[in-house]
Amino acid sequence: MTALSGKTVLLIVGGGIAAYKCHELIRLLKTRGCRVRTILTRAAEEFVTPLSLASLSGEKVHTALFNLTDEVEMGHIELSRAADLLVVAPATADLLAKMAHGLADDLASTALLATDKPVLAAPAMNVRMWRHPATQRNVKVLDGDGIRFVGPNDGEMACGEFGPGRMAEPAEIVGAISSLLQPKDQPLAGRKVVITAGPTREPIDPVRFISNHSSGKQGYAIAAAAVALGAETVIVSGPVSLPIPPGAQVLRVETARDMLVACEDEMPCDIAIFAAAVADWRVDQIADQKMKKRRTGPPVLSLTENPDILKTIAGKTSKRPTIVVGFAAETEQVVANAQAKLKKKGCDLIVANDVAEGTGVFGGDRNTVHLVSRAGVESWPAMSKQDVSTKLMHRLVLMLRADDRKS
Ligand code: CTP
């Protein structure tokens, strides 16, 4: 994955000889997984054709402002808002002047005025035009407006003169686009987070099993929050029917013992979060064949305790995660039970939630949690599982930083 994959760039091509470099720019952006939509000014159409850019980008190329079909399908405002970034290349003296003065007399300038997204300009013009006080004044105004620039570079111009005015090379423009689209708030970049989620399934015979109502939603939401903060995120997941959060890796398991093995394999990591509802027991003897009804009455299932995954990982002497977080699903004395669990399991934090009947936590979208650590108890108001996840991950970032300072 690059900073560009899945992003959309709206490329505005101005009318200058450097417009030919847009072919290479579009190609480079496309190979990095970026979607490129293009607007050509009328002058740009003299240098490159809508057909060539449409073939390269795989998208319709927009040229005129008052195109009724486009206004119905996608207005100029939508065109600029749907992009992650607007790139003006080449940004001619005329386009820069229009931008600096807020003119909007064609599709390109209207999209630039209507946008709420970052704008990157790659100026290209004759050296005298670039050095002209009017252009320098416009550049200063645009700089103050937050417009970013790449180039112009020094070099020989198409007109035979030498100096600043050459448009930056496509690879340089791609570099500038990447750094602008690089997510800023990624405190977990370079860190690994492992999360268990969902129920486990303990077979009785080839068609029956012991399990529980866990939906996995909380664990998957935590994974999405970890990805958003830049973490390498692994979900060790029991059987659930949830979409995989983009950017997370899912290891599917069935039983508690499989879940433990998968977790052990993923160690060490920075943060391990045990949100799975692990079946406490498994059947001693799994029947090879489907069990039949018998005259002697129903079978008696003899149960064995499953390994405690949280306790095992928290108790590791080597490869222990820096921070180990457990969940406590309780139906009574929620905080007191969670405090006991924190000690018993040897973890650093317990997220305790009330799963008593009527709270709708299992399978539902909301959760009311208490954070229990050695430092004390913090109770959060009821909120969506997404919000619990985001808040929790930010809290874990702080814990990780505190640990970094200690060591
Ligand atoms: N857990 C685990 N492995 C188990 C049982 C539980 O990793 N075999 C983890 C859960 O993922 C959760 C925490 O331990 O993070 C507490 O789970 P919970 O079911 O509330 O606790 P139990 O230890 O099963 O205690 P009890 O059911 O007796 O309350």
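Two elements each supply at least two residues of the shell around the ligand: helix H12, residues 309-314, and strand S17, residues 323-330. Helices here are DSSP runs of H or I with at least four residues, strands are runs of E with at least two, and both are numbered from the N terminus. S17 gives the most to that shell, with four residues.

Before I go on, this is a predicted model: local features need pLDDT of at least 70, side-chain atom pairs count only at pLDDT 80 or more, and totals for chains, interfaces and linings use all residues. Residues are numbered from 1 along each chain as its sequence is written.

Back to the ligand. It is surrounded by 15 residues, and the closest are Phe274, Val278, Ile309, Leu310 and Gly326. A residue is near a molecule if its C-beta atom, placed from the backbone, lies within 6 Å of it. What is the shell made of, by residue class? Nine of its residues are nonpolar, three polar and three charged. Nonpolar means Ala, Val, Leu, Ile, Met, Phe, Trp, Tyr, Cys and Pro; charged means Asp, Glu, Lys and Arg; the others, Gly among them, are polar.

Next, the cores. The largest nonpolar core has 59 residues, and Ile222 and Ala226 touch the most other members. Helix H10, residues 217-228, gives the most to this core, with eight residues. A core is a set of buried Ala, Val, Leu, Ile, Met, Phe, Trp, Tyr and Cys residues joined through C-beta atoms within 7 Å. Buried means 20 or more other C-beta atoms within 10 Å of a residue's own, exposed means 12 or fewer, and partly exposed is in between, with C-beta atoms placed from the backbone. A second, separate core of 54 residues includes Ala18, Leu96, Ala111 and Leu142.

Is Val335 buried, exposed or partly exposed? Val335 counts as partly exposed, because it has 16 C-beta neighbours inside 10 Å. Beyond its neighbours within four places in sequence, Val335 is in contact with Ala352, His370, Val372 and Val377; contact means C-beta atoms, placed from the backbone, within 7 Å.

Last, the whole chain. The domain assignment, automatic or from a database, gives domain 1 as 8-181 and domain 2 as 192-284 + 300-406. Their C-alpha centres lie 48 Å apart. The C-alpha atoms of the chain fill a box of roughly 95 × 55 × 40 Å, taken along the principal axes. Buried residues make up 41% of the 407 residues.

How values were computed:
Two residues are in contact if their C-beta atoms, placed from the backbone, lie within 7 Å.
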